[in-house]
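Here are my notes on the model you sent over. Have it open while you read, as the points go from strand to strand.

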Amino acid sequence: MGTSDGILTVRELTEQLRARLEGAFPFVWVRGEVSNLMRPGSGHIYFCLKDQDAQIHCVWFSQQQRRTDNRRSFDILTGEVYDGLRPSPLDTLRNGVTMLCAGRISVYAGRGQYQLVVELVQAEGQGALALAFEERKRKLAALGYFSGGRKRLLPRDAKRVALITSASGAAIHDFLTLGAQRGSGTKICLFPALVQGAAAASEIATAMQRVNDQDWAQVIVLIRGGGSLEDLWPFNEESVAEAVFQSRIPVLAGIGHEVDTTLADMTADMRAATPSHAAQLLWPPREEFAQRLDDAHNALRNAMASHLIAREHLLQEQVKALRWLSPLRHFARLCERLERMSINLVRALPRRLADVQRRLAHQQASLRTCIFRSLERRVYTLDHLTLLLENGNPAAPLEKGYALALTVEGEIVSSISRVLPGQKIYVRLKDGRLSAIVGTVGAD
Amino acid sequence: MDGTKEENFFEEKMARLQDIVSALEADDLPLEKSMSLYKEGLACAHFCKERLEKARHELTVWQDGEIRPFALEKEAVDTAEECP
């Protein structure tokens, strides 16, 4: 074991430590938070368990992992019996999760470190149901069951409600009691289903299917009173969640108390905290209808009153218009017009007279001018004619010494042909006449 | 399942009442027409009020493949226990 001088080799020391450690801790349970989780290709799983002050390396060899048989219907450590498949710790082992690990302490000589060789793993503080719940939640979330985008609105004041729950119990009582104060009258058809126990999930899923097949209801109400996680478990079954997910009719779920959330709740189009809350979400309070009705009634009265007032105004306007257009009024207007015209007439006469006088004076002046000019013209003409007459006077040449021969009859002898020799003629001179006898007659 | 025809009477009458109010507010109706609308509106309001006062949920149960009337059992309510 040792050398003569008491000095150990590293290997010797390590072997001594291994012997003591492994002897002291052949099987131990450790609780801690998982960190540094590694799953290399070898299939062995390496991780650390830690708390605030310390950490320990752990290795979970693949051979040990095979002993985690999740087909077993009871837990080999706790004796807990499972209804369905038990969740595998292989799946639940994640960084940050607090786990219980059982195994032996061994020394890993190659690194000079001690470690826990894990044989059994279980989630700490969580029962198998809680683990199964988390598992299914992850799975259904990945399938889009809880997606906000697929949530449908519930009909307001639903008139045809399919109620899926137990025919007896607190849930239906609470729902109907509160519902009685709300809504404006609804046909509710109960589809009885067990809400607890092994048969519950399939009954609920069947009822969901039946309601959808009948296609009568506007909304499905799925409710159950409070209970433990085990009591509520049917609502975490995949078959129920799937039935809710596939329902063509919107689903309102109110399962358990406020703190409880089942997968059916999460899948439903709307989640009520309790069955009573479901009734609140489904129907508006009756007072709300009464208030709406009162408002509408008042609005009707006001509208009619305004309408009548408006008509009355219109009527008054028309009466006014009619008065304006009445024959009496027309006559009065005519009289008024006549009066106005008379006044105008009276005022117009003197103006008209003055006007005529002005025009008369003007014309008189024009006339005078015309006559004057005409006279002038005539005087001139007379003078001219007088002059011409003077020039044409046969006695005129007498003044210049010419003589005028006249027959005895007084005719002017203007040609020798008018006289014969021996004929008595008169010769007129400037200052008198003389008689003469024609001697010879002959041309010059 | 029947009864889908009458179920919306309340909402229909309420909607009609609202329409009548809107029509009266529009103020382009002959007086006779508005009077008859007003009367109809009053009748709607009366109907709705009566309906609301009498409003009850009608409870049935799907049992053995048919719809039957259903009433909560008093004991069941009192004990308030879920069936196992």
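1. Some ground rules for the strand talk. Two strands pair if DSSP finds at least two bridges between them. Helices (H or I, at least four residues) and strands (E, at least two) are DSSP runs, numbered from the N terminus. This is a predicted model, where local features need pLDDT of at least 70, side-chain atom pairs count only at pLDDT 80 or more, and totals for chains, interfaces and linings use all residues. Residues are numbered from 1 along each chain as its sequence is written, while chains are lettered from A and ligands numbered from 1 in the order in which they are written.

2. Chain A in brief: 12 helices and 13 strands. Of its 444 residues, 24% are buried (a residue is buried if 20 or more other C-beta atoms lie within 10 Å of its own, exposed if 12 or fewer, and partly exposed in between, with C-beta atoms placed from the backbone). Among contacts in chain A with a separation of 6 or more, 61% come from residues 24 or more positions apart; a contact here means two C-beta atoms, placed from the backbone, within 7 Å.

3. The sheet is what I'd look at next. It is open, has 7 strands with mixed pairing, and runs E10(A)-E9(A)-E8(A)-E6(A)-E7(A)-E1(B)-E2(B). E10 (270-272) of chain A and E2 (66-69) of chain B each have a single partner strand, so one side of each is left without a neighbour in the sheet. From one strand to the next the twist averages 25° (axes are lines fitted to C-alpha atoms, for helices over the stretch in contact, and angles run from 0 to 180 degrees between N-to-C directions).

4. Now E7(A). Parallel pairing with E6(A) covers 6 bridges, and one partner couple is Ala162(A) with Cys189(A) in E7(A). Getting from E6(A) to E7(A), the chain passes through H5(A) in a right-handed β-α-β crossover (right-handed if, with the strands pointing away from the viewer, the path from the first strand over the helix to the second runs clockwise). Since 5 of its 6 residues are buried, E7(A) is largely enclosed by the rest of the structure.

5. Where does E7(A) meet chain B? E7(A) pairs with E1(B), residues 58-63, in the parallel sense over 4 bridges. Lys187(A) is the bridge partner of Glu58(B), and Leu190(A) that of Val61(B).

6. Helix H9(A), residues 275-282, lies across E6, E8, E9 and E10 of chain A, at about 150° to E9(A).

7. Most residues other than glycine have a negative phi. Asp215(A), in the loop between H6 and E8 of chain A, has a positive phi of about 55°; Asp64(B), in the loop between E1 and E2 of chain B, has a phi near 50°. With 9 C-beta neighbours inside 10 Å, Asp215(A) counts as exposed, and with 6, so does Asp64(B).
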